[in-house]
Amino acid sequence: MELIQLLTENLGVQENQAQGGAGLIFQLAKDKLGDESFAQVAQYIPGINDLLQAAPKSGGMMGALGGLAASMGGGVGQLGTLATLAGGFDQLEMDSGMISKFLPIVLSFVQSQGGDEIKNLLAKVLS
């Protein structure tokens, strides 16, 4: 899968970490976008269901805090997004600093597959 190759080559992570990290990002997007909007993104991402399956299922305490922050809405968006992802990245044995390295690669890949509109749809819920 091209996205996984980009992540492993550019970030030096293992294939399972790349799959899980990308899966976490897409799972968060799916949760925030809802089924209809996420389907617009998903149609451009080969193997997206495999990536979603590779994402750790429980975000642990950081995931719970992220969910709580996200549910509060308002100005907590970025913090809630990062906290939600941090728990999953921790389970994949990557520190939360890797999130900021994954996001531009994932967004660039999505843009190359689906264009600016699809990239912007995804970027809006990840920032």
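Helix α2 has 19 residues, which at 1.5 Å a residue should span 27 Å; its end C-alpha atoms are 26 Å apart, so the helix agrees with that expectation. The expected span is 1.5 Å times one less than the number of residues in the helix. Helices here are DSSP runs of H or I with at least four residues, strands are runs of E with at least two, and both are numbered from the N terminus. The model is predicted: local features need pLDDT of at least 70 and side-chain atom pairs count only at pLDDT 80 or more, whereas totals for chains, interfaces and linings use all residues. Residues are numbered from 1 along each chain as its sequence is written, and side-chain values use heavy atoms, with hydrogens and water left out.

Buried means under 20% relative accessible area and exposed over 50%, with partly exposed in between (1.4 Å probe, protein chains only). After α2 comes Gly34, whose phi is positive, near 85 degrees.

The chain as a whole contains seven helices and zero strands. Of its 127 residues, 43% are buried. Among contacts between residues at least 6 apart in sequence, 65% join residues at least 24 apart; a contact requires heavy atoms within 4.5 Å.

The largest nonpolar core has 40 residues, and Leu3 and Phe26 are those with the most contacts inside it. Helices α1 (2–11), α2 (15–33), α3 (35–42), α4, α6 (77–91) and α7 each supply at least two residues of this core, and the largest share, 14 residues, comes from α7. Such a core is a set of buried Ala, Val, Leu, Ile, Met, Phe, Trp, Tyr and Cys residues joined through side-chain atoms within 4.5 Å. In soluble globular proteins, nonpolar side chains tend to be buried together. Leaving aside residues up to four places away in sequence, Leu3 touches Ala22, Phe26, Leu51, Ile105, Val106 and Phe109.

Ile48 belongs to helix α4 (residues 48–54) and counts as buried because its relative accessibility is 7%. With residues up to four places away in sequence again left out, Ile48 touches Phe26, Phe38 and Ala42. The C-alpha atoms of Ile48 and Ala22 are separated by 9.1 Å, although these residues lie 26 apart along the chain.

Helix α7 (residues 99–126) has 28 residues, yet its end C-alpha atoms are only 11 Å apart, short of the 40 Å that a straight helix would reach at 1.5 Å a residue. A kink of about 135 degrees in α7 is centred on Gly115. The bend at a residue is the angle between axes fitted to the seven residues ending there and the seven starting there.

The structure holds one aromatic pair. The rings of Phe89 and Phe102 have centres 5.0 Å apart and planes at 85 degrees, so the pair is edge-to-face. Phe89 lies in helix α6 and Phe102 in helix α7, 13 residues apart, and both residues are buried. Rings of Phe, Tyr and Trp (its six-membered ring) pair if their centres lie within 6.5 Å; planes under 30 degrees apart count as stacked, over 60 as edge-to-face and the rest as tilted.

Glu93 is placed in the loop between α6 and α7. Glu93 counts as exposed because its relative accessibility is 71%, and its phi is near 65 degrees, a positive value in a residue other than glycine.
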